[in-house]
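Trainee: I have a model open and want to learn how to read its packing. Where do we begin?

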Amino acid sequence: MIEDLRTLVEVESPSRDLDALRRSAETVAGVIEGRLGGRAELVESEGGPHVHWSGGGTPRVLVLGHHDTVFPLGTLARRPFRVEDGRVTGPGVFDMLGGLVQAVHGLAALEDRSGVEILVTADEEVGSHFSRALIEERALACGAVLVVEGAADGGAVKTGRKGCGTFEVSVAGRASHAGLEPAAGVNALVEAAHQVLDIVALARPGVGTTVTPTVASAGTLDNVVPAEATVVVDVRVESAGEKERIESAFASLAPHLDEAVITVQGGVGRPPMPESAAAGLFAVAERLLPGLKGRAVGGGSDGNFTAALGVPTLDGLGAVGGGAHADHEYLLVASMAERANLVGGLVDAIRKA
């Protein structure tokens with residue numbers, strides 16, 4: 001497993017770099033074919049090639065992951081693949097190349113691989129815009145989904161995820177001289193400040209809804225009333241009802257200043273993954289690995305899409321470690337075989353159900 005992980009990590013795969021993603025997809029396909037046999041198909045998309053493999057027979061379970069990472073080309077030179085003191089480090093080992101390798105080896109341990117599909121997408125880190133339809137198609141065809149994203153803290157699997165999205169609120173005002181004619185302008189920055197306060201008030205922490213302005217820009221020169229401003233907002237919700245409320249509220253944002261114009265783009269692109277979607281599969285996982293914990297988390301994954309369809313989905317079955325998207329990202333070697341066996345055991349149990 002460690003050598004296969006080295007192979008994947010040393011082919012860097014930053015999202016949106018189509019040449020790098022092609023090399024990565026070909027490498028992922030080679031690892032799958034080498035361990036499982038058959039043919040791993042490259043599915044072309046505008047976001048890069050996805051990799052799809054089937055063990056044949058009637059589809060029963062989809063093993064879902066992604067091969068794109070958040071790290072730019074050149075990260076490997078600064079932070080090479082390394083195994084030291086029971087930890088594997090390097091770009092993408094935890095999110096989520098380690099989970100892919102473990103899943104492949106877990107399936108390789110099964111004598112019968114019929115009914116199993118693997119889908120490894122190329123654009124998860126940037127919203128899954130070009131893979132969502134394929135993910136949903138295969139999830140519905142298979143009827144159960146195992147997501148091999150990295151585990152939660154302490155090795156817990158992920159039994160629920162918040163829906164997440166990004167909104168961009170743009171303000172159009174009117175420029176004027178800040179000294180000679182300040183009143184002749186419509187100050188987009190002042191309007192944006194009003195909007196930020198309105199937006200923050202939409203949060204409902206008691207039901208898990210967070211609304212967080214994250215990036216803002218306005219103005220051109222220090223003596224010009226700003227004619228334009230933009231605010232970017234991160235939103236997380238736990239229920240479909242909150243998704244609808246938040247999207248409606250953003251669509252209804254109204255200006256405070258006369259003649260200011262508000263435009264809103266975006267939405268909650270990943271629907272919530274309710275814990276009910278994972279309940280049955282988690283019960284099976286607990287029997288296979290006594291003491292296993294489940295946890296609902298704030299981040300999103302492609303499991304949000306499959307759970308929203310009503311397809312049983314269990315997430316966080318991948319690497320045990322931490323530091324996703326950070327320079328200290330790591331994977332614990334001691335947990336690799338256990339997690340591989342968990343994936344294989346779940347596949348076997350699903351097929352026998």
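**Reading the packing**

Mentor: Start with one residue. This is a predicted model. Leaving out residues up to four places away in sequence, Leu146 touches Val61, Leu62, Val63, Leu64, Leu281, Leu314, Leu317, Val343, Leu346, Val347 and Ile350.

Trainee: How many residues does the largest nonpolar core have, and which have the most contacts inside it?

Mentor: The general idea comes first. In soluble globular proteins, nonpolar side chains tend to be buried together. Here the largest nonpolar core has 54 residues. Those with the most contacts inside it are Leu5, Ile32, Ile118, Leu146, Leu314 and Leu317.

Trainee: Which elements give two or more residues to this core?

Mentor: Helices H1, H2 (18–36), H4, H8 (279–288) and H10 (336–352) do, together with strands S2 (50–54), S3 (61–66) and S6 (116–121). H4 supplies the largest share, nine residues. Another core, of 19 residues, lies apart from this one; Val211, Val231, Ala249 and Val268 are among its members.

Trainee: Now helix pairs. At what angle do H1 and H4 cross?

Mentor: Two packed helices are described by the angle between their axes and the distance between the axes. For H1 (residues 2–9) and H4 (residues 93–108), the axes come within 9 Å and cross at roughly 135°. The two helices are therefore oblique to each other. Their crossing is right-handed. H1 makes the contact with Asp4, Leu5, Leu8 and Val9, and H4 with Val93, Leu97, Gly98, Val101 and His105. By class, the residues of this contact are six nonpolar, two polar and one charged.

Trainee: How far apart are the axes of H4 and H10?

Mentor: They are 7 Å apart, and the helices pack at an angle of about 55°. H4 and H10 are therefore oblique to each other. The crossing is right-handed. On the H4 side, Gln102, Ala103, Gly106 and Leu107 take part; they meet Met336, Arg339, Ala340, Val343, Gly344 and Val347 of H10. This contact has six nonpolar, three polar and one charged residues.

Conventions: Residues numbered from 1 in each chain as written. Predicted model: local features only at pLDDT ≥ 70, side-chain atom pairs only at ≥ 80, totals over all residues. Heavy atoms only, no water. Axes fitted to C-alpha atoms, helices over the stretch in contact; angles between N-to-C directions. Helix = DSSP H or I, 4+ residues; strand = E, 2+ residues; numbered from the N terminus. Parallel < 35°, antiparallel > 145°, perpendicular 65-115°, else oblique. Left-handed = near helix turned anticlockwise from the far one by under 90°. Contact = heavy atoms within 4.5 Å. Nonpolar A, V, L, I, M, F, W, Y, C, P; charged D, E, K, R; others polar. Core = buried A, V, L, I, M, F, W, Y, C linked by side-chain atoms within 4.5 Å. Buried < 20%, exposed > 50% of the residue type's maximum accessible area, 1.4 Å probe, protein only.
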